[in-house]
Amino acid sequence: MLDRLEWKVVTLCAAAALLAACSKPDVGEPSSAPAPPVDAGSEPVSGIDYHSYANTDDYRTTHIDLDFTVDFERKVLLGEARLHLDRLNNKNNPLVLDTRGLRIDSVRAGGDGKFVDAPFTIGEESSDLGAPLTIKMPADATTLVVRYETSPDALALQWLEPQQTAGKRHPFLYTQAQSIHARSFIPLQDTPGVRITYDATVRTPPELRAVMSADNDPEAELDGEFTFSMPQPIPPYLIALAVGDIEFRAMGELTGVYAEKEMLEAAAAEFADTEAMLEITEETFGPYRWDRYDLLILPPAFPIGGMEHPRLSFITPTVIAGDKSLVALIAHELAHSWSGNLVTNASWRDLWLNEGFTTYLTNRIMQAVYGDERYYMEMALGYADLIDELPDLDDPDEALAVDLRDRDPDEVFTSIAYEKGSLFLYELELAVGRDVFDRFLIDYFNEFAFESISTEAFLDYLESTLVADHAESVSMERVRQWIFAPGLPEAAPVPRSEAFSQIEPVRQDWLSGRIAAEDIDTSEWTYHHWKRFLDGMPRQLRRDRLEDLDQAFRLTSAPNNEIAFSWLRIAIRNGYEPAFGRLEDFLKTIGRTKFIGVLYEDMMDAGMNDMARRIFEEAGPTYHPLAAKSIDTAIREQ
Ligand SMILES: [Zn+2]
């Protein structure tokens, strides 16, 4: 995933509710009870997922057959999930699945064509984790069929009205299951420690197309029924579905783009380098194992930058800038085909194995496709994000392996997992040399392909390979400091960009009045230069200074959303009203939380509470429910 779903994650006590929910199961006790209570001072147990009720020591799901009927009128999925299970012992304990807000109609269990009704109970719902579905299993049953209906406010599903789409004629549905929202549209063992294959049948209104994180067929007829197969085992958070007025355009032999037709042309042009990125990543880090790599461009309400669903990454349209300046997002989602989708974090504490490796790979892909200058600029911007965020984080949350017990797992999506994780790998690269480190990464991806691993499993592997072979340049003591200590180790590498070192004097010259804005040569500037130039401005600027900038560079109407965002932050801080029309338009047409959460907060800080509330009242219903909730909370708190 790139950037967060929620603006500020609302922390809710999970474990207490979880235990209360499971205290009196009337269908027997599973042998591996859900997450144990948290003792103050204790350490989380490696490999344990504290965010799932599933008793994965008794049963493991290997495959799921899904059947969805998409009801846009009622905003629900009518679902059937057929779970194929491995029984790991002879205890015949009840099976516990994760659910959230599902109305369960029937549960049948059996195998070999013989099924019986299986007694079940649904525990109390915890606000973080949903509710456990506990099922009494007939002896030897290895298949379970659950019929159910989702709730209209299921957290994984966003139902868009036609006016929220580019075409404005048809509704649109998409799912976003990371981190623990798959349980709101499928009853399952919702932990990244379990890997499943899946097949699906999706029934839609006949004019719409369904696509999934599976073997999409762009030629599939629009007849209201689509079938899919995902033959490689994936963690449940990668199950994804979208339904809308979607068309397809090939970009290369193995790559293509799905989008509403209004965005298709621009998206295919913007992301035309995707095939080159794929080829280069294979050359450097080993084979791509998912057959095709396509992109789905979502409507602007999509709350995050991108989501790495295998074979079909979901992408925000806000990165279509016309000049490929924001395509690092594509490199990021593609890189997840190695780090994250192929080798997965066993629990959310281990997310850095997923996002840190991906951020490192993203930089490498950008360097290979676009050259050194871009590479160093992207790295320097990422580093600046990290340094910016560090003061806002509590010490324990600055470790790469974060203790998330009793917490919403989405709290782990900070720049620690991404940028500190990447910087750690960059240090390893500098220590042993790029050739050696690349060889290590290829071996690592091969060793753990299609597995979910813990931080400790990674450390064991690192110690027995790279550290054993290069003890003179890498020590486990230093590695453990990176992983378990707050902040950055002493003398950690600092990515520097030559191009950026030229920005600072230009800004100073302009600030001191030695040059006017129109005299600044920006002809070679990309978004990266602009971001550095604008984000480095002093907090307060005089009105005539703002006018000088705006007149010279038309920043209020900047087509690049990242540049517009940086400019709008300056405008809010300084009460620059000529930009407020764009600000309102921006907040009413874009749902990407990374932008809108910050802009609302800036408005509240600047005393623009009335305007913020007025815009939110109108735009809030068009945002993703989790994004809307977190912004609503932030606005109310002030
Ligand atoms: Zn990511």
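Figure 1. The donor residues of the zinc ion follow the spacing M-x330-H-x3-H-x18-E in the sequence. Donors are N, O and S atoms within 2.8 Å of the metal (3.2 Å for Na, K and Ca); water is not among the atoms, so sites may look incomplete. Met1 in the segment before α1 (15–22) and Glu355 in helix α5 are 354 residues apart, a pair that links distant parts of the chain. This is a predicted model, in which local features need pLDDT of at least 70 and side-chain atom pairs count only at pLDDT 80 or more, while totals for chains, interfaces and linings use all residues. Residues are numbered from 1 along each chain as its sequence is written, and side-chain values use heavy atoms, with hydrogens and water left out. The protein donors lie 2.1 to 2.7 Å from the zinc ion: Met1 (N), Met1 (O), His332 (NE2), His336 (NE2), Glu355 (OE) and Glu355 (OE). Both Met1 and Glu355 are buried (under 20% relative accessible area, with exposed over 50% and partly exposed in between; 1.4 Å probe, protein chains only).

**Figure 2. Helix α5.** Residues 351–370 form helix α5, which has 20 residues and reaches 28 Å from its first C-alpha to its last, close to the 28 Å expected at 1.5 Å a residue. The expected span is 1.5 Å times one less than the number of residues; helices are DSSP runs (H or I, at least four residues) numbered from the N terminus. Because 17 of its 20 residues are buried, α5 is largely enclosed by the rest of the structure. Gly371 follows α5 and has a positive phi, near 100°.

**Figure 3. Aromatic pairs.** There are 34 aromatic pairs in the structure. Rings of Phe, Tyr and Trp (its six-membered ring) pair if their centres lie within 6.5 Å; planes under 30 degrees apart count as stacked, over 60 as edge-to-face and the rest as tilted. The pair of Tyr444 and Tyr461 is tilted, because the ring centres are 6.1 Å apart and the planes are at 45°. Tyr444 lies in helix α8 (residues 434–447) and Tyr461 in helix α9 (residues 455–469), 17 residues apart. Tyr444 counts as buried at 1% relative accessibility, and Tyr461 is buried with a relative accessible area of 12%. Trp530 and Phe533 form an edge-to-face pair, 6.1 Å centre to centre with 80° between the planes. Both lie in helix α13 (residues 527–535), three residues apart, about one turn of the helix.

Notes:
Helices (H or I, at least four residues) and strands (E, at least two) are DSSP runs, numbered from the N terminus.
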